[in-house]
Amino acid sequence: MKLLTGNDLKSGAVTWWDGVQWSLHVGDAIDVGDHADTILARESAARRVNAAYAIEASKDENGVRPAHIKERIRALGPTVRPDLTLKPADPAAGQWVI
Amino acid sequence: MGNLMYRYDTYDQATVDARVEEFRDQVRRRIDGHLTEDQFKPLRLMNGLYLQLHAYMLRVAVPYGTLSGAQMHALGDIADKYDRGYGHFTTRQNIQYNWIKLDQAPDILADLAKVEMHAIQTSGNCIRNTSSDQYAGAAADEVTDPRPYAELIRQWSTFHPEFSYLPRKFKIAVIASETDRAAMRLHDIGIQIVRNDAGELGCAFYVGGGMGRTPMIAPLIKPFVPLDQFITYAEAALRVYNRHGRRDNKYKARIKILVHELGKDEYTRQVETEFAHLLVQNIEPPLAELERIKAQFADPKFETGLSDDLDRSDPDFALWVDNNCVRHKAPGYIAVTISLKPIGGIPGDASADQMRLMAGLATQYSFDELRVTHAQNIVLPHVRKDQLYALWQALDDAGLGTANLDLVGDIIACPGLDYCSLANARSIPVAQKIGQRLAAKEQEIGELKLKISGCINACGHHHAGHIGILGVDRKGTENYQLLLGGCEGADTSLGQITGPGFDEDGIVDAVEKATELYLNTRAEGERFLDTYRRIGMAPFKEALYG
């Protein structure tokens with residue numbers, strides 16, 4: 001599947017296209033299929049996202065998982081500071097990245 | 001602020017203040033849509049604002065690594081007020097904040113300007129922050145304090161109209177000792193201040209060094225440039241690069257490639273021609289300006305008659321003294337390195353509270369001065385020996401008393417894939433695992449400089465590590481190459497790759513094997529590097545892959 005990701009213009013936070021808006025959680029991301037360029041052009045022009053691009057991902061019973069480790073780290077947060085990730089209370093969160 | 005470092009004059013302050021307001025307007029125009037990201041990106045980068053993996057990152061310049069207590073305190077306050085309570089000290093002697101919001105960036109720059117700091121030229125293809133010896137002004141072996149010369153370079157290079165759009169970024173280091181503590185020959189220009197046979201000070205110019213994709217050791221192109229001509233000579237060296245440096249290929253655009261392709265002799269010839277041309281144009285700043293700057297770096301008022309004795313009855317303190325303190329030029333004083341490498345910690349990170357504590361300790365114990373080292377530690381340069389124990393206790397209580405300077409736990413590591421958008425692999429977890437694995441042996445191993453980069457750009461200086469590690473992307477998974485034999489000192493050498501790479505746990509095992517071979521093979525008094533140079537790569541390959 002193909003996801004869209006970028007950064008919030010003001011906060012710089014990593015965001016994911018959920019079909020309606022940009023979410024902080026990769027689990028909300030949808031498969032944009034062949035519509036990546038159209039959505040990116042529209043959303044970037046409206047400044048709802050910054051420096052956005054499409055990535056490859058997969059989906060299983062545990063949810064959406066970007067194909068590349070870099071995108072998984074973007075999705076979670078730094079593996080060396082679990083307290084600063086989106087799942088600070090989940091000690092196994094880092095395993096999802098690796 | 002103390003009087004022992006450069007203070008902004010009204011021109012400096014007005015320049016920095018104006019830059020803050022200019023950037024505030026640029027940010028406003030970006031947010032309201034008058035600037036696209038393509039238009040805005042070069043503007044934010046000129047102010048040190050990057051977009052990294054998780055957020056905007058702000059890189060703040062620390063000129064030649066020197067900070068006052070007030071400045072370090074402000075850096076801690078910024079970490080709390082605008083970031084997530086910490087900062088990362090870098091191999092360029094700067095500090096980076098990882099969680100910056102765009103609309104707050106101008107306010108941060110305004111806060112920095114209040115303590116005579118900025119983020120100008122911490123990115124882009126310009127002359128970057130000049131680095132120097134962290135013991136400048138304190139070292140017993142220096143011919144002079146190199147910082148006034150670095151400050152003059154800062155003033156000359158800031159907003160230099162001819163050198164704001166060079167083929168690539170450009171880094172200068174200035175030292176004044178035979179012992180190179182700034183990786184001087186791995187810079188685009190390395191300047192060593194030397195004294196000639198007549199007793200006069202001048203500058204030896206090394207040009208064309210660097211790490212990154214194509215590591216090179218800078219050759220000496222001019223052994224002595226008089227002090228009243230050294231800016232002119234630097235201008236000539238830059239001008240030849242700006243004219244002929246390759247702009248068609250960013251991977252071949254650094255000056256090291258130009259010097260290599262032209263050859264040292266031809267490059268030097270062209271610089272000499274340009275130098276002669278520039279000399280008659282009188283572009284050199286007047287010596288009075290250099291003297292004005294030098295006066296601001298006057299020695300502190302060192303007490304006289306102090307004892308050099310230390311009470312070493314506390315073994316933990318004695319160990320720390322032996323590892324982290326070096327001889328000072330003034331009797332009764334010592335230079336202290338505060339390790340930002342606790343076992344299992346993140347190299348170079350300091351919390352806001354730790355920054356403010358170090359600021360206070362600098363004010364109390366070190367004439368209000370601190371230095372950031374290129375090895376991502378902090379130095380208090382001028383500490384009275386009779387106050388050293390009290391200082392150590394305060395540091396130790398704050399988790400800043402790790403006794404591992406230049407040991408295997410004192411690892412240089414770039415932010416790597418945990419933070420950096422350029423990285424291919426994580427650096428920090430590897431550093432943490434190696435530090436933990438070898439902690440019990442690090443005193444036995446002795447000096448071993450281990451440096452880790454998460455990509456070929458080599459921000460972690462892996463080429464210059466006695467043991468270097470380079471993280472690469474191998475089909476979407478992290479892989480780590482091992483290098484041996486690098487060195488950044490006066491005997492600069494580049495590390496050589498041992499062979500096939502390792503996964504994350506494998507590289508930790510490999511480092512342990514290399515250190516075990518060293519321990520079993522070393523001759524009396526040999527460091528790891530000495531043993532490697534004596535026995536060569538083959539035994540290490542056998543231990544790693546045999």
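This is a predicted model: local features need pLDDT of at least 70, side-chain atom pairs count only at pLDDT 80 or more; totals for chains, interfaces and linings use all residues.
## Domains of chain B

The domain assignment divides chain B into four parts: domain 1 (10–114), domain 2 (146–295), domain 3 (315–397) and domain 4 (412–545). Take domain 1 and domain 3 of chain B. Their centres, taken over C-alpha atoms, are 27 Å apart. The two domains touch: 20 residues of domain 1 of chain B are in contact with 21 residues of domain 3 of chain B.

Which elements of domain 1 give two or more residues to this side? They are strand 3 (66–68), helix 3 (69–82) and strand 4 (86–89) of chain B. Helix 3 of chain B provides the largest share, seven residues. By class, the side of domain 1 that touches domain 3 of chain B has seven nonpolar, 12 polar and one charged residues.

## A five-stranded sheet

Chain B holds an open sheet of five strands. Their order is 6-7-8-9-10, and the pairing is mixed. Strand 6 (131–132) and strand 10 (220–226) of chain B are the edge strands. Each has a single partner strand, so one side of each has no neighbour in the sheet. Strands of a sheet pair through backbone hydrogen bonds, in a parallel or an antiparallel way.

Look at one pair. Strand 7 (residues 172–175) and strand 8 (residues 189–195) of chain B run in the parallel sense, joined over four bridges. One bridge links B:I172 to B:I189 in strand 8 of chain B. Helix 6 (residues 230–244) of chain B packs on the sheet. This helix touches strand 8, strand 9 (201–207) and strand 10 of chain B. Its direction makes about 10° with that of strand 9 of chain B.

## Nonpolar cores

In soluble globular proteins, nonpolar side chains tend to be buried together. Here the largest nonpolar core has 111 residues. Which of them touch the most other members? They are B:V174, B:F205, B:V207, B:A237 and B:I507. Helix 6 of chain B gives this core its largest share, nine residues. The core takes at least three residues from each of domain 2 (146–295) and domain 4 (412–545) of chain B.

Leaving out residues up to four places away in sequence, its contacts include B:T130, B:S132, B:P146 and B:Y149. B:I191 and B:I193 are also among them. Another core, of 68 residues, lies apart from the largest one. Its members include B:L58, B:W99, B:L112 and B:A359.

## Two positive phi angles

Most residues other than glycine have a negative phi. A:R47 has a positive phi, near 60°. A:R47 is in the loop between helix 1 (36–45) and strand 4 of chain A. Is A:R47 buried or partly exposed? A:R47 has 16 other C-beta atoms within 10 Å, so this residue counts as partly exposed.

B:A183 also has a positive phi, near 50°. B:A183 is found in the loop between strand 7 and strand 8 of chain B. B:A183 counts as buried because 24 C-beta neighbours lie inside 10 Å, and the cut-off for burial is 20 or more.

## Where the chains meet

The contact between the chains takes 21 residues from chain A and 22 residues from chain B. On the side of chain A, strand 4 (50–60) and helix 2 (69–76) are the elements that give two or more residues. Helix 2 of chain A supplies the largest share, four residues. By class, this side of chain A has 10 nonpolar, seven polar and four charged residues.

Notes: Residues are numbered from 1 along each chain as its sequence is written. Chains are lettered from A and ligands numbered from 1 in the order in which they are written. Two strands pair if DSSP finds at least two bridges between them. Two residues are in contact if their C-beta atoms, placed from the backbone, lie within 7 Å. Axes are lines fitted to C-alpha atoms, for helices over the stretch in contact, and angles run from 0 to 180 degrees between N-to-C directions. Ala, Val, Leu, Ile, Met, Phe, Trp, Tyr, Cys and Pro count as nonpolar, Asp, Glu, Lys and Arg as charged, and the others, Gly among them, as polar. A residue is buried if 20 or more other C-beta atoms lie within 10 Å of its own, exposed if 12 or fewer, and partly exposed in between; C-beta atoms are placed from the backbone. A nonpolar core is a set of buried Ala, Val, Leu, Ile, Met, Phe, Trp, Tyr and Cys residues joined through C-beta atoms within 7 Å. Domain bounds come from an automatic or database domain assignment.
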